[in-house]
Amino acid sequence: MNSIQISIWVLGILIALALVFDFMNGFHDAANAIATVVSTGVLKPQTAVAMAAAFNFIAIFVFHQLTVAATVGKGTIDPSVVDQYVIFGALVGAIVWNIVTWYYGIPSSSSHALIGGLVGAAVAKSGTGALISAGLIKIVVFIVLAPVMGFIFGSIMMLIVSWIFVRSTPRRVDKWFRRLQLLSAASYSLGHGGNDAQKTIGIIWMLLIAAGYSQAGDAQPPLWVIISCYTAISFGTLFGGWRIVKTMGQKITKLKPVGGFCAESGGAVTLFVATALGVPVSTTHTITGAIVGVGASQKMSAVRWGVAGNIVWAWIFTIPASAFVAAIAWWAGRHLL
């Protein structure tokens, strides 16, 4: 494909904007990683976000194959339509939706906001023919599949644990799982960093390929892209989106350390599987499904289904809303950049 003509300062602005999105991804999704361990009282908020941020970055050493980055960078929209305006529109659409949902305390998906942004900007430029159906279908399927997997794994974990500790006293169970929840929270943060940081890596990689600074056949983007994206999401997590913690940690169902462990473990397994398959899933969808699974495995009335339903509506609107904003931003970008 032919390289686009783009000045170095515009390239720098777009990379900085991508890292701002990455920071906000961590900021917005911090609640997913820490809400359960904070709401159960196992860790103080400051300690929990520090641990989550650390494991977000440690994921760089665990997930060597950038399968998710390749899906975002090469498998969502036709590389021939990618230019500075499409990338600008996609990032602005995702960032605006993240700000709106953070402000109202809605645990929406940063991942799907980014995908929606890409779709909206690409369609605004070249119509629906710019979309790569195979990659987008895989992502859309996992909008449903990720929370279902989280639900299944979370509920199975809860049933297994209940069976193993059926003769133990509540005090002993609480003591054990206060320790084990540290491991499950770390695992979930590892999966969060491994899947979510790669989405921004994919965006910057897409931009570098379009500008001629990387080749489409390269197995990986430059190392500085990988390091900067993992660093940005880690710092975002460190600052934490506190407005969403209460919704995730207590409003869906009342969690104890054993339930927090099962939800985080079920969510972590889902994220590890999705990352191995190269699917950019929503950590928000995943942990919500796992929390609902834990609550439902005890009794259906333990889940506040009205709250869960409101969250689902936010999921439904995320891609079209961010796509709409991205289309407007694409138009604005043509006059600004």
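Is His 192 buried or exposed? In this predicted model, His 192 is buried, because its relative accessible area is 0% and the cut-off for buried is under 20%.

**Surroundings of His 192**

His 192 lies in helix H7, which covers residues 170-211. Its side chain makes a polar contact with the side chain of Asn 56, at 3.4 Å. Leaving aside residues up to four places away in sequence, His 192 touches Asn 25, Asp 29, Asn 56, Ala 197, Ile 233, Thr 237, Leu 271 and Thr 283.

**The chain as a whole**

The chain holds 12 helices and 0 strands. Of its 337 residues, 57% count as buried. Where contacting residues are at least 6 apart in sequence, 89% of the contacts join residues at least 24 apart. The chain exposes about 13700 Å², and carbon and sulfur atoms supply 70% of that area.

**Helices H6 and H10**

The axes of H6 (residues 133-164) and H10 (residues 257-277) come within 8 Å and cross at roughly 145°. The crossing of H6 past H10 is right-handed. The residues of this contact divide into 14 nonpolar, 6 polar and 1 charged. The table gives the residues on each side.

| Helix | Residues in the contact |
|---|---|
| H6 | Lys 138, Phe 142, Ala 146, Met 149, Gly 150, Phe 153, Gly 154, Met 157, Met 158, Val 161 |
| H10 | Val 258, Gly 259, Phe 261, Cys 262, Ser 265, Gly 266, Val 269, Thr 270, Val 273, Ala 274, Leu 277 |

Note on methods:
Residues numbered from 1 in each chain as written. Predicted model: local features only at pLDDT ≥ 70, side-chain atom pairs only at ≥ 80, totals over all residues. Heavy atoms only, no water. Helix = DSSP H or I, 4+ residues; strand = E, 2+ residues; numbered from the N terminus. Buried < 20%, exposed > 50% of the residue type's maximum accessible area, 1.4 Å probe, protein only. Contact = heavy atoms within 4.5 Å. Areas by Shrake-Rupley, 256 points an atom, 1.4 Å probe, with all protein chains shown as cover. Polar contact = N/O pair within 3.5 Å; in protein donor to acceptor, adjacent residues only side chain to side chain. Axes fitted to C-alpha atoms, helices over the stretch in contact; angles between N-to-C directions. Left-handed = near helix turned anticlockwise from the far one by under 90°. Nonpolar A, V, L, I, M, F, W, Y, C, P; charged D, E, K, R; others polar.
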